[in-house]
Amino acid sequence: MIRILISAAAMAAALIATVAEARWLRSETDSFIIYSEGNEKSLREFASTLQRFDVALRLLLDVKEQGESNRLPIYLLASTGEVAKLYTGSRSSSFVGFYRTGRDGSFAVSHRENGGRSRGTSASQETLFHEYAHHFMKRYRTGAYPAWIIEGFAEYYSTIDFDKNGKALIGKPAYGRQYGLVQLPQIPVETLLATDPHSLKTVGQVDVYYGRAWLLTHMLFHDAPRAGQLVAYARAINAGTEAEQAARQAFGDLDQLDKDLAAYLRRPLSYRMTNDAIPVPAHIAVTALTPGEDAVIPLRLARLSARPRDDTASAVRDSLRTLTATHAGDAAVWFEYAAAEWALDNDVRDLAAVRGALDRAIAIKPDHVRANVLLGGLLVHQLDKQGDYADASWDKAREPVALAKRTDPDDPLPLYVYFQSFVDQGKRPPDMAIEGLEQAFRLAPENLELRVAHVFALANRGRFASAIKLAQSIAFDPHMGAQARPLLEQLLRMRDQRQAVLRQAQPASLDQ
């Protein structure tokens, strides 16, 4: 990964220049909130296609729920270079889109650039479909899946297109992976099954990995002799079978699988078609943003993508502080400034500035959900630092979070922060808070921090089977990996200790 290092002052100036040029539109569908600098017509078309993709995924994967109460924000940048610069600091990086989930929620970033491809679906559509497929899988398939399935799933569904009659075409070729599949040295299947793509060192290796993951997924879905093997493999892993053993049980000889995959690449590829047309969404709202909201979009993206000690984080904070002078009446600007200051590392952030900005945001918009959540977090942080664990003080600190919960019951963050405040106080969360955490997990199961909290909440209530199954899904996530293995070990110890206590509590049997 290449990162261009420039001074914080120069970075801030560049960010402010970007803000001055931006003219963002917001589109809302049943499942998405999409921000784009493109024109209204192209944004409507993009939003319509993406919503149809969501409907198609629900049909193909038998998800009954339609639409999302907790909708995914998506940001469409002008070019792949803009995406790469945001993600790595360098326009020359190979990143063309990304999906991220964290404490602030999930979001995806893609681009509107469609050049450079003569066949198949557009590059921008495939990128966005790939990133949304990740989100969809994390939200509706919460089992344990190796990295190659996670990426193969996203690649496979990224090429969905719609014919002139509106039917979805599934399994079309991933033409963007052609060079890596044909021209570059291939990863053996046995290696592919065990490889984390984040460990790969070169762009070429990554391209080969994604192409091979797509091809193997495609073959397992479409090659009749191997029907059902992918399901058997995933079930074995989720039943506790070690991954390599599960692969050999489901796929047979892995060398033969490798040979079959090479032969499959040389065959004409088939694709599936839905029986019925996927309807075009009837209601897509497109609105222009207020000047303050328009100004903060690129800075919000930079904040969410930055690291606490990164120069970018300080530059974003400085740019937002500058914006508060020209948009002093906009709660969104004051909140973003507070959030950027709070996101800095403990030894450099100014908590008085955070509190001042939050007070301004809440004075303008008393029910601003995220401002109230952050205010509660700040108050809890200060109580913990002071060593004040009195119930009255913590109840007072929870009041803005409780207001945020009431204001937007579909935002998982207030529910989670409310639950976590009791943990931070050293108290057992009341049933209402535990139920709120469960609701937060249902709203955002893709959030790893929420998953971990939910795992321990389940374990503390004696529901170890569910907790361990959920922890296994975290252990297989390529972004967590080794960090999650101690979590599994801790859960197993908790289970064994609970069982030992229960055995000791049972009365001794009497001899007859």
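Where do Lys396 and Glu399 lie, and how many residues apart are they? Both are in helix α17, three residues apart, which is about one turn of the helix. Lys396 counts as exposed, at 53% relative accessibility, and Glu399 as partly exposed, at 45%.

Before I go on: this is a predicted model.

A search of the whole structure finds 34 salt bridges. I will take two others from that search.

Next is Arg58 with Glu68, a side-chain salt bridge at 2.8 Å, N to O. Arg58 lies in helix α2, residues 40–60, and Glu68 in the loop between α2 and β3, so the pair ties together parts that are ten residues apart in sequence. Arg58 is buried, with 1% relative accessibility. Glu68 is at 13%, and that also counts as buried, because the cut-off is under 20%.

Then Glu190 and Arg248, whose side chains form a salt bridge at 3.0 Å, N to O. This pair links distant parts of the chain: Glu190 sits in helix α7, residues 189–194, and Arg248 in helix α10, residues 243–251, 58 residues away. Glu190 is partly exposed at 37% relative accessibility, and Arg248 is partly exposed with a relative accessible area of 37%.

Last, back to the end of α17. Pro409 is in the loop between α17, residues 391–407, and α18, residues 412–425. Setting aside neighbours within four places in sequence, Pro409 contacts Leu415 and Leu443. From Pro409 to Gly436 is 27 residues in sequence and 9.6 Å in space, C-alpha to C-alpha.

Definitions and conventions:
Residues numbered from 1 in each chain as written. Predicted model: local features only at pLDDT ≥ 70, side-chain atom pairs only at ≥ 80, totals over all residues. Heavy atoms only, no water. Helix = DSSP H or I, 4+ residues; strand = E, 2+ residues; numbered from the N terminus. Contact = heavy atoms within 4.5 Å. Salt bridge = Lys/Arg side-chain N within 4 Å of Asp/Glu carboxyl O. Buried < 20%, exposed > 50% of the residue type's maximum accessible area, 1.4 Å probe, protein only.
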